[in-house]
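Here is a short walk through the disulfides of one structure. Keep the sequence and the model in view as you read.

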Amino acid sequence: MHLKLNDESSPSTVAGTTATTSGRSSWDGNDGSGSGSGSRPDSLLTSSTASLQPQEPEEYSRRSGPGLLLFPGTAQRNPHNTTGKTIAKANDDNGTINQTAPVRSIRSFRRPPLWQPPSKDPRHVGKGPEEQDERPDETARDRRGACLAKVQAFIIEFLQGSSIHGFIYLAKLGLNFIERMLWFAFICVALFSIISLSKRTWHRFQTSPMVISMDRNKLVWNTSFPSLTVCPHKRIDELKVEEYILTHPEQFESEEDQEDFRDFIVKLASLTYDNLETLPLNKSYGIPSSKYLDLLYELKWPFEPEISSGAAVKMFIYETQTEFGICHSVNSLVARYNSFDYWRSGDWSLMDHGDRVTVHPLDGEIYAQIINLSTAYDVYFHGAGDVPSISKQRYTFPESDYTTVELIALEIYTNEEARAFNTKQRSCRFNYEAEDMLTVPIYSFGLCLSECRLFFALRVCGCIPHFYRNRLRNGRKLPVCGLEGIGCLVKVKREIISLKSDKYKINCNCLANCDDSNFFVQSYRSRVWFLGANLQWGIIDYPKMQLRRDVLFSFADVLVYIGGLVGFFLGCSALSFTEIVYYFTARFVRRMFFN
């Protein structure tokens, strides 16, 4: 079928028809070769090209795809047209008309056939799977590119509208690259300064937010009365020892064994870290190490002193187990938790021990007295919330003297506001903060040191001395050192006492008591007394100052300090950070997925 040119036909109509046919041929991807007419140039026609072209055969027409998008007036040429001319032919029965069109620059691009699956595309026939997936990859890249473009536009919008100083210059129009980099460097320096100074502020808040100040208003506080622990030298009743020997004849075959047992049980009752090497280690007399403490309380000497005081509150004396053996404590809040009866009952509850005894300068001279001691004794002065420690000084008095001891006091009181801080910030513990204690349900600095020595002895020698509680809060029962274990303790006793070692790592993590009382012996005097050993002690000169632990740097101060840094370096406030959160949450989701 051929296109017949009539006189009445308009050139624009013919040119439009020819352009459509040529577009279909070019979209199909042919190189321009037609059937029956020789070599056919791959030319592009526009409506401004007044050329005629013969109709293609029917077979070629069926293979034609959608047309090209043509844009006249551009500077791109058809690569197949080397002469710079576009030739159109028209054949009919009368002859052939050849017209040469003027050279026109055009621009064209192909629209991909998105409606066809890649497997049916004629250009993908015979290609591998990787080449056939090239179009979907291009589509995915296009989508990623569009997503990145949205993110970039969103960030630019945030920078231009942010209330933080300096951000606007990172996206402001009219600035060159060097100016943007300078502003970016300024912002980085500001951020580094804020972070560095804020870390120092936070470290100060975590480590030293408290301050110890001096309070001299002595008429508004009460002073704790000095507490003490008395450890008698005589601890074994000879009559009970003889009775024990008679009831266990199989353990004592000779008189020498009985005499050795008397010496053994007396030294065992007075055993402490200072005299571990004095205990005979040749024979145990059939006594298991776990029964040492039971035997000592069974054979103990009945030490029952009496106490009197001029204070308005009555003071009590309690029997307690210490690192020095069986002792008695006065005006102590923690002594009862180390009593043998409390250990044997398996109790871990807190007891109602009442308040500590306090005195005031208006009360005058207040003394307390222990009478009927009937033996020589050692005395340890300490606060009401503490226990005697082997590292503290002790005083020894004979059994026939009346001794008077005068002390001075220095107290540290912690403000109630400090209870909101943790122990690391305060660098102290209250007596109810005993979550790390495993042998007692209450905390004191002395008890913590004793427990640290216990676990150090357990780690080095595999057992603990008998004067400790051998059952922990978690139910674990610890082995008690026998003769062989005590021989091991002798080798490391100096390290146990000082809790310092070059060979072993010791970390007790014991903090001071938040409310603590320290007493120092100012003077003491003794005179012979025909009624036996008596001890009198008290405060002659009331303290004129008190140390007070107050909050110096609270969390509100941290917020003010860091807020001032942020405002000084970046000029923003808390609402600026709220704006950042809003932008990158709600607004970001709406812009990326719903716009």
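A disulfide here is a pair of cysteine sulfur atoms within 2.5 Å. The model is predicted, so local features need pLDDT of at least 70 and side-chain atom pairs pLDDT 80 or more, while totals for chains, interfaces and linings use all residues. Residues are numbered from 1 along each chain as its sequence is written, and side-chain values use heavy atoms, without hydrogens or water.

The structure holds six disulfides. Counting bonded cysteines along the protein chain, their pattern is 1-2, 3-12, 4-11, 5-10, 6-9, 7-8.

Start with Cys463 and Cys481. Their sulfur atoms sit 2.0 Å apart in a disulfide. The link is right-handed, with 95° about the S-S bond. Both cysteines lie in the loop between helix 11 and helix 12 (483-491), so the pair ties together parts 18 residues apart in sequence. Helices (H or I, at least four residues) and strands (E, at least two) are DSSP runs, numbered from the N terminus. Cys463 and Cys481 are buried, meaning under 20% relative accessible area, where exposed is over 50% and partly exposed is in between (1.4 Å probe, protein chains only).

Next comes the bond of Cys448 and Cys510, with sulfur atoms 2.0 Å apart. Its torsion about the S-S bond is about -85°, so this disulfide is left-handed. Cys448 is buried, as is Cys510.

Cys428 and Cys514 form another disulfide, at 2.1 Å between sulfur atoms. It links distant parts of the chain, 86 residues apart. Cys428 belongs to strand 16 (residues 428-429).

Elsewhere, Cys147 is partly exposed at 37% relative accessibility. Cys188 is partly exposed too, at 34%.
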